[in-house]
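Q: Can you walk me through reading a protein model, feature by feature? I'd like the general idea and then the case at hand.

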Amino acid sequence: MKLSDLTAYEVLEERRLEDLNAIGYIIRHKKSGARIAAISNDDENKVFYIGFRTPPENSTGVPHIIEHTVLCGSDKYPVKDPFVELVKGSLNTFLNAMTYPEKTVYPIASCNEKDFQNLMDVYMDAVFHPNIYKHEEIFKQEGWHYELEEKDAPVTINGVVYNEMKGAFSSPDDVLQREILNSLFPENAYHHESGGDPLHIPELTYEEYLDFHRKYYHPCNSYIYLYGDMDLVEKLKWMDEEYLGKYDKIELDSTIALQKPFEKPIEVNKAYSISSTESEEDNTYLSYNVAIETVLDKKLYQAFDILDYALVSAPGAPLKKALLDAGIGKDILGSFDNGILQPVFSIVAKNTNKSEKEHFLSVIRETLEGVVKNGLNKKALLAGINSAEFRFREADFGQFPKGLLYGLQCLDSWMFDDMQPFMHLEAIETYQFLKEQVETDYFEKLIERYLLQNTHASVVVIEPKKGLNAKNEEALAEKLKAYKESLSEAELEQLIADTRHLKQYQEEPSPKEDLEKIPMLKRSDMKKEAAPLYNEELTMDKTPVVFHEMFSNGIDYLSFLFEAGDVKEEDLPYLGILRYVLGYVDTKSYSYADFANEVNIHTGGVSCSVGIYPDAKEEDMVQVKFAVQTKALYEKLPNAMHLIKEMVATSDYSDEKRLYEVMAQLKSRLQVSMSSSGHSVSSMRAMSYFSKNAAYQDSTSGIAFYEKVKEIEEHFEEKKEELITKLVALTKQIFTPNRMLVSVTATKEGIAGLEQEIKDFKKVLFEDKVIGEAAKLTLEKKNEGFMDASQVQYVARAGNYRKLGYSYTGALRILKVIMGYDYLWINVRVKGGAYGCMNGYLRNGDTYFVSYRDPNLAKTNEVYNQIPEYVKAFEADERDMTKYVIGTISDMDTPMNPYAKGARSMSAYLQHITIDDLQRERDEVIHASQEDIRNLEGLLSAVLEQDNLCVIGNEDAILEEKDMFLQVKNLNETGKDKE
């Protein structure tokens, strides 16, 4: 059967997508009006999504709440949380849902055909026939609800989306992005917060929420995407028979109106909260933003990405340099948001003051006028284009399936033109066009027209305000108090009953017969063999090389790992700083700006990292490596090596002005990650009290590292000599031939000239020195509460099971799934209202439990204390155990690109993990029983009895529970001397 034989559909276009080596189809379902785009190729990692255009009319977050709630059961799959059942029991390679400013998307991916079909069915039933009409409890749990435990208690508000957005609104970066969008589009959907503003979420009624679903979740408003190696005819036939054919097309207008250009730029001022000990000085964000045509201009879509690099984002780019030289801000960022109807180009100065606003704008104008008059740096333009093209051709999206990223990019244009889903996936021709324009004044004309003469612009100022959160919480408490006082006795009793009822609803498991309706694979469907390791030990010019041989699309992935285990404890933060400084200061032959351009013209990047590898066999043994990495086309390997030699051997740390700029930018970016990645930071910190592995990580990238960077930045004049001395000493200590180990992922052709390159590299390295003893690390239990201005918490508990005689087993991988999607999910997320919860068990014994954007603190810690009890009484029949096993295998079998396969193999090599270890672990997972999980009770009790606690979060919440901590600190307290 051919596509043309499907009478239910009309094939509007079929064409070859050369850049993706695929065939693209644009299809319409005749009866319902559903739009379908398909990309057919040989990728086994198949992708499907269904998306809807969902323009918000206010900031109650209704699109976001619907995104959460339609995945809470449907007609065909009436269990409470099919999403979680699928995560636990499918081989998915991606499973989630996302709310954007004007669209909501439900994507899945899997390499297993049967699994892929199951996931499609659950998602299609979820969006069209959700249980939200039958159970108001779903809306209350995921959206918002009033809570009253007993008559004398205060009324509170809880809900997963409500708490998620409280966390999002705690981040000044998120507040800025939101205000930029709102400022430029006052008359269309982008003026509203589709995710929901916590101030407005409680205004949403159950009926309004249902009306939104009724209106927009119809096939005629849908965008369905299929990608990969599949029988397209069979999939479309099934879709018509099961879902689409049951609907008639209706008239529905969900279009996003074009915002009329402004007559003159506007200004918006907003405040964000900082903690009581942070300084309001040097903490303002200034931004200049312009709207640029529409996303349907193929050339501008790419050209402004290149301009962002050449003008703002590249090290030493003219706008960045001019603003830093003028003393405006400590971190200058550019961004081009081309995922909306009218793309937005922004220039942002962080860590500055409102008084600098006019100066900020005049420096931008003068710099841009100078660039238009004198021309842009042509090498910077070429570097930007080459870098973008390298990324496009490599299609490395980390753990995300490339088919998914292609699909989301389709929506950039498809959402606004039914016949243009593939517009931005055919990019090679556009890159070629842009390269040809470098020698003309094309880019300068874009600057003149869109950045200098464009009146559709806004200036957004985000100012810090101490205690703003506390003030808002106070106002909310007053409002809730007044609400409570307005209730009659009967209404109070009803609210208490409703609170109790919701808890009961959340605690009650779905009936077994409903759970069995969720389609599931069998253990026999699992691949029995562990994924191979690709480690071939070679020697090149007496240097050990680990070769990971595989097809890599003509790219060498090369890493030079230098032994750093003998770096003293007090110098570890400087090792972390060295990672950020290399490549961002002048070298003998290049200014730092020219160096960045050379890197992007000739390679896919040159970077540094600090790798910590705990030994899987020897307790307390940790390898520390300072890595210098690059990726480059085989023929460009000499260029890449020339740049690495320059960077490692001739970097100049003596430019104090430049060094300060790097430190200020580093501090600014770490500050953001401390709150946005609070779950990772707090769990690592909790483990650093007892684990060498975590202590190394904390010192080179966590809280200890942040504290050192902050101290140097705030007292730079008195610290700069020491900083320069340390960087020079570390460079000479680490970069010596006898410390070097090489890791390379490529084919044999890709390593043909590597031996000569290694030989030449060693000539420029520093003199061999004896490698000293491993650093002695001070490990002590601190149990800290780190206070910041966020409205939520990240609560981490940690311990180590190997220190108490327990050993690693594959059952711990299953426990991670059980905890993450059963016990912790139900108690921390569903009942507690936190946005997320995680747990992990390393082979070296390090273990953690952590919550994400959590309104609770002591309650969550109590949930952790009950884990052993839950595991002791754990019950699962064969079907349930199989489900957990499948979910675990899915986690272990994430498809990997060549770079990831090489990195996984090298990590195993350094941790002394063999293929036999991996096979044993896999066998333990596949054959695990209920008893294997119950047997972990002692291990978990041992971990939790160690009582290592670290919390990052709301100042008042931590002070209220200060007795839980040995130390309470301010995360961002300014250390600057007061005038």
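A: Let's start with a term we'll need for side chains: a residue is buried under 20% relative accessible area, exposed over 50%, and partly exposed in between. Keep in mind that this is a predicted model.

Q: How does Lys270 come out on that scale, buried, exposed or partly exposed?
A: Lys270 has a relative accessible area of 38%, so it's partly exposed. Ala482, in helix α16 (residues 468-485), lands in that middle class too, with 43% relative accessibility.

Q: Zooming out, what does the radius of gyration say about the protein chain?
A: The idea is to compare it with a reference for the chain length. For 979 residues a compact globule would have a radius of gyration near 30 Å, and the protein chain has 28 Å, which agrees. Its C-alpha trace spans about 80 × 70 × 70 Å along the principal axes.

Q: How do I read which way a helix faces?
A: Start from the geometry: an α-helix has 3.6 residues a turn, so residues three or four places apart point the same way. Now look at helix α10 (residues 318-325), where Leu319, Lys320, Leu323 and Leu324 are buried. Viewed down the axis of α10, the buried residues fall within an arc of 125°, so they line one face of the helix.

Q: What covers the buried residues of α10?
A: The cover includes helices α9 (298-313), α11 (357-374) and α22 (656-676), along with strands β13 (331-337) and β14 (344-352). After α10 comes Gly327, with a positive phi near 75°.

Q: And salt bridges, what's the general idea?
A: Side chains of opposite charge can pair when their charged atoms come close. This structure holds 77 salt bridges. One of them joins Glu13 and Arg15, with the closest N and O atoms 2.8 Å apart. Glu13 is partly exposed at 24% relative accessibility, and Arg15 is partly exposed at 22%.

Q: Which parts of the chain does the Glu179 and Lys270 pair link?
A: These two side chains meet in a salt bridge at 3.4 Å, N to O. Glu179 is in helix α6 (residues 172-184) and Lys270 in strand β11 (residues 266-274), distant parts of the chain, 91 residues apart. Glu179 is buried, with a relative accessible area of 11%, whereas Lys270 is partly exposed.

Q: Where do Lys667 and Glu714 lie?
A: They form a salt bridge whose closest N and O atoms are 3.4 Å apart. Lys667 lies in helix α22 and Glu714 in helix α25 (residues 703-714), so the pair ties together parts 47 residues apart in sequence. Both Lys667 and Glu714 are buried. Salt bridges can also share partners, and here that joins Glu85, Lys88, Asp822, Asp880 and Lys883 into one network.

Definitions and conventions. Residues are numbered from 1 along each chain as its sequence is written. Side-chain values use heavy atoms; hydrogens and water are left out. Buried means under 20% relative accessible area, exposed over 50%, partly exposed in between (1.4 Å probe, protein chains only). Helices (H or I, at least four residues) and strands (E, at least two) are DSSP runs, numbered from the N terminus. The arc is that of the directions from the helix axis to the C-beta atoms. Contact means heavy atoms within 4.5 Å. A salt bridge is a side-chain nitrogen of Lys or Arg within 4 Å of a carboxyl oxygen of Asp or Glu. The radius of gyration is taken over C-alpha atoms; the globule rule is 2.2 Å times the number of residues to the power 0.38.
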